[in-house]
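Take a look at the sequence and the fold, then read on.

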Amino acid sequence: MSKKKRKFFFFLGLILFGLLISLTAEYILPYGPYEQNLDIALQAPNSTHLLGTDRYGRDMLARTIAGAQITVCSAVAVAFIAAAFGTFVGLFCGYHKGKLTTVLLRLTDVFLAFPVMVFAIAVAGILGGGTINAAAAIAVVAWPKYTRLVRNEVLPLRREFFIEAAQMSGFSFWRILFVQILPLVIGPICITAALDIGTIITEIAGLSFLGLGTAPPAAEWGSMMSGARNLLQSAPWTVFVPGFAIFITVALFQLMADSLRDLADTKSTR
Amino acid sequence: MRGYIIGRLSHLIPILIGITFLSFALMHTVTTDTVDILYDQNGGATEAVAAEKRAVLGLDKDFFTQYVNWVVKILQGDMGNSFVSGAPVLTSILDKLPATVELMVLALVMTLVISLPLGILAAIRKGSIWDQIVRLLSFTGNSLPDFFVAIILLYLFAVKWHVFSFLQADSSTLPVLPALTLAIAMTAKYMRQIRAVFLDELGKDYVRAALSRGLPYRYVLTHYVLRSVAAPLLALLAVSAGSLLGGAAIIESIFLWDGIGKLAVDAIMMRDYPVIQAYVIWMSVIYVGVNLLSDIVCGFLDPRSALQGKED
């Protein structure tokens, strides 16, 4: 295993390990993320509550670890859905020539003309908040960049001999699209999607922070920070702990995506 | 050149139609009826009254007629009235616009002041400790959500050091902290882009030719390279203006800076749909306008980019 490969699997392993801990948090941590005890409210980090407690006496460590579930899982799902849909449209627009392609490309331009967060805030605001709606709002704005990317990759391929050969062999339109072309463009899609996950995490957390995403009392980093905002002076850990959780998670995904890109680079130069 | 500008402007029309159509369709899909919302606050209304109101507002017509009527009204400067205050939406948007523009401009200036020297330094001292530091800074900045940066800044400057008052609602002073928050997020992205553009340019033949003719490095850098990277740097800055506009909504709400972003977030909380609609349209038009302007300026700075645009 090359050094670059090891680096990639190291970060991927770290992410999966963190996710596993988060999903099993209820069984391995002494306190549950929703266990209230007003007697111990707003304790600073100490030996029994390593990261302190919030205003309802809930253990910050348990809540923060459990918070990864909602944010990370929905971010990965959003990235996957957006990448899949954008890729599908991009493949079609890159290979097919016709009125539908023109319409789809114009539509993509329109979506790209909206600043991402502005549109996401509006969509989430109209749909009315909640985890699913926030995720949907982000997915709606995240797909067009995949369409652009994939189309630009597909366009030069259209004139390649092996595509002409496939056409002359009588392969169907969809078969050429998915069997001949897709495997050649999947690399850059994966890298973009991996880079995207970190951004999506901050966007989902941002929507929750505005009260447009996951609603309290659910353990979600953005809404935890939002709820604790006015405690910044008296109990700063209630705001900083989920904040650093987002920071560390996004950083991990960035490192993973970077190492994936490096990995792909060696293949292309070899 | 004029042809290029006209071409870019005509390209804008379908996008503007798309933006308005999408914003309209979004509001149209809202499950709750506009008239119901209007009357719910006053304890509901009889069907007859509601139907009459629908006819007055044109809500009994089909989707496309409603859309066209709505666009015509917007072009006449009527973006509807707020459900909450009843005031014309356009007036309140125009009221809040200067504050947001002030914040944006200050954030852009801060971004340029921080990222230009650091990005150039990282490029000309590639691989040095400076390059590593810039790399680390932009990595950290990219991993920090802007609202967390806002909170860190508030904690440091307001709680710990008491440099600024806790919440800066006063519009007579400059929005230093909110602008700095936005600038930090932008700098993280922009620094790396500046570095990449500079590295690309420094590797070109004309730089080697100028250096081998004995021109001092500093002279080549300021007179040749800086001039030719102006266009791509401007284009990148215009693209990232989108994240600035989006970030402003969150940042303005945190710092209680009385701009369009805060207006929109407040409107969402109160389900004030006309205001949300106007917000989306204004922000998108500003974003599209900024990018158009940067394209045109780039066309003047580097006529080749105008020619490339033609081939599309």
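Which residues of α7(B) are buried? In this predicted model, the buried residues of α7(B) are B:Asp146, B:Phe147, B:Phe148, B:Val149, B:Ala150, B:Ile151, B:Leu153, B:Leu154, B:Tyr155, B:Phe157, B:Ala158 and B:Val159. Buried here means under 20% relative accessible area, exposed over 50%, and partly exposed in between (1.4 Å probe, protein chains only). With 12 of its 15 residues buried, α7(B) is largely enclosed by the rest of the structure. The helix covers residues 146–160 of chain B and reaches 20 Å from its first C-alpha to its last, close to the 21 Å expected at 1.5 Å a residue; that expected span is 1.5 Å times one less than the number of residues. Just after α7(B), B:His162 has a positive phi of about 55 degrees.

Now for the rings. Rings of Phe, Tyr and Trp (its six-membered ring) pair if their centres lie within 6.5 Å, with planes under 30 degrees apart called stacked, over 60 edge-to-face and the rest tilted. That gives 26 aromatic pairs over all chains. One of them is edge-to-face: B:Tyr219 and B:Tyr224, at 6.3 Å centre to centre and 70 degrees between the planes. Here is how open those two residues are:

| Residue | Relative accessible area | State |
|---|---|---|
| B:Tyr219 | 35% | partly exposed |
| B:Tyr224 | 30% | partly exposed |

Over in chain A, one aromatic cluster is made up of A:Phe88, A:Phe92, A:Tyr95, A:Phe173, A:Trp174 and A:Phe178.

A note on reading all this: residues are numbered from 1 along each chain as its sequence is written, and chains are lettered from A and ligands numbered from 1 in the order in which they are written. Local features need pLDDT of at least 70, side-chain atom pairs count only at pLDDT 80 or more, totals for chains, interfaces and linings use all residues, and side-chain values use heavy atoms, leaving out hydrogens and water.

Technical notes. Helices (H or I, at least four residues) and strands (E, at least two) are DSSP runs, numbered from the N terminus.
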